[in-house]
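Subject: Structure for you to look at

Hello,

Here is the structure I said I would pass on. Please open it and keep it beside this email while you read.

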Amino acid sequence: MSWAHPGNHGADAMPADVADVVHRIAAYTGTPEDSADCPIRDVLDRIGQKWTLLILVALVPGPRRFSALQRSVGDISKRMLTQTLRQLERDGLVTRTVFPTKPPSVEYTLTALGQSALAPVGALMHWADHHHASIRAARAEFDALQA
């Protein structure tokens, strides 16, 4: 699917709700320090962080303990996993449940809000998978011209 200019209403036109978001992002004139004033940038700043999407996807099968999440994500440090999980919990995308065992065990689960992010995240992942070869080719062409 290709989208034409947001004002185009033809067969390849951008859906109205997407066009509205694109216009709102383009209209934002604040500085990066003011990004919290723009709800779109505020949320995308979190979603766009390096580990966020990988953690959300790792929680799709269901609740996971910290060590299982770390294994699933791969090369993430314990510190970064802890920090990202706390941010996701703060944003309401993940819940943390502590079980009264000795030692205490902790489990992380997607919330309803976190699950609602999966459709757009899945669309982005599909787009990335579908266009990866084209992006790599464009990078190679660019790099060759820079040499």
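Below is what was found in it.

This is a predicted model, in which local features need pLDDT of at least 70 and side-chain atom pairs count only at pLDDT 80 or more, while totals for chains, interfaces and linings use all residues. Residues are numbered from 1 along each chain as its sequence is written, and side-chain values use heavy atoms, with hydrogens and water left out.

The protein chain has seven helices and three strands (DSSP runs, H or I of at least four residues for helices and E of at least two for strands, numbered from the N terminus). Of its 147 residues, 25% count as buried, that is, under 20% relative accessible area with a 1.4 Å probe, protein chains only.

The largest nonpolar core has 17 residues; such a core is a set of buried Ala, Val, Leu, Ile, Met, Phe, Trp, Tyr and Cys residues joined through side-chain atoms within 4.5 Å. Those touching the most other members include Leu 59, Leu 85 and Val 94. Two or more residues each come from helices H3 (52-58), H4 (66-73) and H5 (78-90) and from strand E3 (105-110).

H4 and H5 pack at an angle of about 110 degrees, with axes 11 Å apart (axes are lines fitted to C-alpha atoms over the stretch in contact, and angles run from 0 to 180 degrees between N-to-C directions). The two helices are therefore roughly perpendicular (65 to 115 degrees). In the contact (heavy atoms within 4.5 Å), Phe 66, Leu 69 and Gln 70 of H4 meet Lys 78, Leu 81, Thr 82 and Leu 85 of H5.

Regards

Definitions and conventions: Buried < 20%, exposed > 50% of the residue type's maximum accessible area, 1.4 Å probe, protein only. Parallel < 35°, antiparallel > 145°, perpendicular 65-115°, else oblique.
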